[in-house]
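Please read this report alongside the sequence and the structure. The headings below mark the topics.

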Amino acid sequence: MLHEFTKGLLKENPIFIIMLGLCPALAVSTQVVNALGMGAGVIFVLLGSNIFVSLLKDFIPEKIRIPSYIVIIASFVTIVDLVMQAYAPSLSRNLGVFVQLIVVNCIILGRAEAFANKRSLAESILDALGMGIGFTLGLLLISLIREVLGAGTITLFAVGSFDGVIRIPWLSSFPARVIGLATGALMVMGYLKALFNWLETKKEQSRQRDAVRSGL
Amino acid sequence: MTYIGIIITFVFISNFILTQFLGLCPFIGVSRKMDSAVGMGFAVIFVMSMAALATWVIYHLILVPLSLEFLQTMTFILIIATLVQFVEMVIQKISPPLYKALGIYLPLITTNCAVMGIALIAVRSNYSALESFIAGFSAGVGFLLAILVMSSIREKLDTEWVPKPFRGIPIAFITAGLMALAFMAFDKALLKNLLG
Amino acid sequence: MKNILVSGGKLFIICAVAAVTLGGINAITEPAIKARKIQELNQALKALTPDAETSATEAVPDNPAIKAFYSVLKGGKTAGYILRIIGNGYSGEMKILARYERDGTIKSVKLMDNLETPGLGKKAEDPRYMEKFLRTGNRSRPVPVRKDMLQSAEADAITGATITFLGIARALAEGAQFVIEGEKKYAP
């Protein structure tokens, strides 16, 4: 059963393998702190919707399942939006309209429709956590590349006297600003996807070699 | 903002796909062939202009007077889902050929970030009803423009040699990145001519 | 028929439960959001007038750009004004708070809520961004509302965010005009 959790991390990573939820992934990946905030929001919504869809799977008739899922998802998105506005205002300002856009993030409706409405509560929770964390890790990777190369900084949460910004000595004086802009986001995504494809074929080849060897 | 300003902003300067990444999934998914790209583009224009107007009406005439603004996300997504269904039924009745052309793209549009995006942005920017409609229409035109250019590039790319790991989606993203770079030029050049 | 009623009823129950829950959560967060906004405004006012007091807010009706103003009081005398101005940016409205001297000279500027794209227009949130507007706005030095009115180093810095620059510049110029005209009208 642990497989339901680990599959989202790498093998079925929502961003790089299933390629869902890309709009927010690219838009908020300018700073690491935004990626973490967005990730937390998506994990919460995914968890909430998976739990409720799984619990209500016998109550919701087949015909109205999509509108019901949408209502459930939209409720959790609104909760995230309101709580963020009230208690994390600067994060809410940075993410802007993309918090509310979690509602059309295909990962969430996709997991409700393809997984949670057929599986047990425990499995659905593990699936949500795995997919949510996988999404966050993907976002983190993109934002790290973009912020380090594009601005020469790593922005985290401000704690006490530390303002939350790590400046990388040489890079922050000569950043490649274009990587922080829209162009950079699309390019970084393209190269990362190519890397994942390459790793996939590598693994496939070695598996075939192993098969041949064991056949001998 | 003037109407022309809104049109230029949403078609070129802050093109939804190339600067804000809204509607990226269909942009990458449906841009393989030019015919389907055009079909998708027109369906998006249609739904976006209707959605921007419909959400304005509901938001300003129902949610604000009742101070139910916190139900915004939920009502908007339900309006868009209903609207898409409705449009699908009407087109099917009125024009079967058009339905044949656009029909398969319409269900995909419900979860298109661009449609929800324009509805939310129009409200946040305090647009009037007409401004919202124009913003929705021009953002849709911007989407059509981007997906049209993209699909014609990808049709050519299909006949070229591309390193194996880059085939398909990766090269599509890199192409989109280069297009975004080109679209950055619109900012300065357009405004110099427009505003002196 | 019965099926439709059951489905419709169930969908209605889900919607009703969701709406009531959200209403409850909104009742908790709304005061917090409002308090936070007021606190932010007060902090911004404090930051703009470290050396003086501000009067209560006075709304400006029928002005598309200027929403409200505060008088800056120094030893009981009006030393200038703080204006709440709405400018048009890349993706909609930008709320600007600007302090003017009585002759319209801009003393300090702060960008409040805005919807600008992170990385592009967001640069304007950096306090140094506003330096090029400071000490302008009076008769001898107008607010730079075109790029060619800036020094070349400053002009380079706004590349890629011309609309944000124009939006802020025009809002500030309008504010300066408002201050100069207001002073004329009420001058003793």
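Are helix 5 of chain B and helix 8 of chain B parallel or oblique to each other? The answer comes under the second heading.

**About the model**

This is a predicted model, in which local features need pLDDT of at least 70 and side-chain atom pairs count only at pLDDT 80 or more, while totals for chains, interfaces and linings use all residues. Residues are numbered from 1 along each chain as its sequence is written, and chains are lettered from A and ligands numbered from 1 in the order in which they are written.

**Helix 5 and helix 8 of chain B**

Two packed helices are described by the angle between their axes and the distance between the axes. In chain B, the axes of helix 5 (residues 72-94) and helix 8 (residues 113-124) come within 10 Å and cross at roughly 130°. Axes are lines fitted to C-alpha atoms, for helices over the stretch in contact, and angles run from 0 to 180 degrees between N-to-C directions. Helices (H or I, at least four residues) and strands (E, at least two) are DSSP runs, numbered from the N terminus. Helix 5 of chain B and helix 8 of chain B are therefore oblique to each other; angles under 35 degrees count as roughly parallel, over 145 as roughly antiparallel, 65 to 115 as roughly perpendicular and the rest as oblique.

Their crossing is right-handed (left-handed if the near helix is turned anticlockwise from the far one by less than a right angle, right-handed if clockwise). Helix 5 of chain B contributes Phe76(B), Ile77(B) and Ile80(B) to the contact, and helix 8 of chain B contributes Val115(B), Met116(B), Ala119(B) and Leu120(B). Two residues are in contact if their C-beta atoms, placed from the backbone, lie within 7 Å. By class, this contact of helix 5 with helix 8 of chain B has seven nonpolar, no polar and no charged residues. Ala, Val, Leu, Ile, Met, Phe, Trp, Tyr, Cys and Pro count as nonpolar, Asp, Glu, Lys and Arg as charged, and the others, Gly among them, as polar.

**Helix 4 and helix 5 of chain B**

The axes of helix 4 (residues 34-63) and helix 5 of chain B come within 10 Å and cross at roughly 135°. That makes helix 4 of chain B oblique to helix 5 of chain B. The crossing of these two helices is right-handed. Residues in the contact include Phe46(B), Val47(B) and Met50(B) of helix 4 and Thr75(B), Phe76(B) and Ile80(B) of helix 5. By class, the contact of helix 4 with helix 5 of chain B has 14 nonpolar, three polar and no charged residues.

Chain B has eleven helices and zero strands. Its C-alpha trace spans about 60 × 50 × 30 Å along the principal axes.

Chain A has eight helices and two strands, in the order α-α-α-α-α-α-α-β-β-α along the sequence. Its C-alpha atoms fill a box of roughly 65 × 60 × 30 Å along the principal axes.

**Where chain A meets chain B**

In this interface, 33 residues of chain A are in contact with 31 residues of chain B. On the side of chain A, the elements that give two or more residues are helix 2 (22-27), helix 4 (65-87), helix 6 (106-116) and helix 8 (182-215). Helix 8 of chain A gives the most, with twelve residues. The residues on this side of chain A divide into 24 nonpolar, seven polar and two charged.
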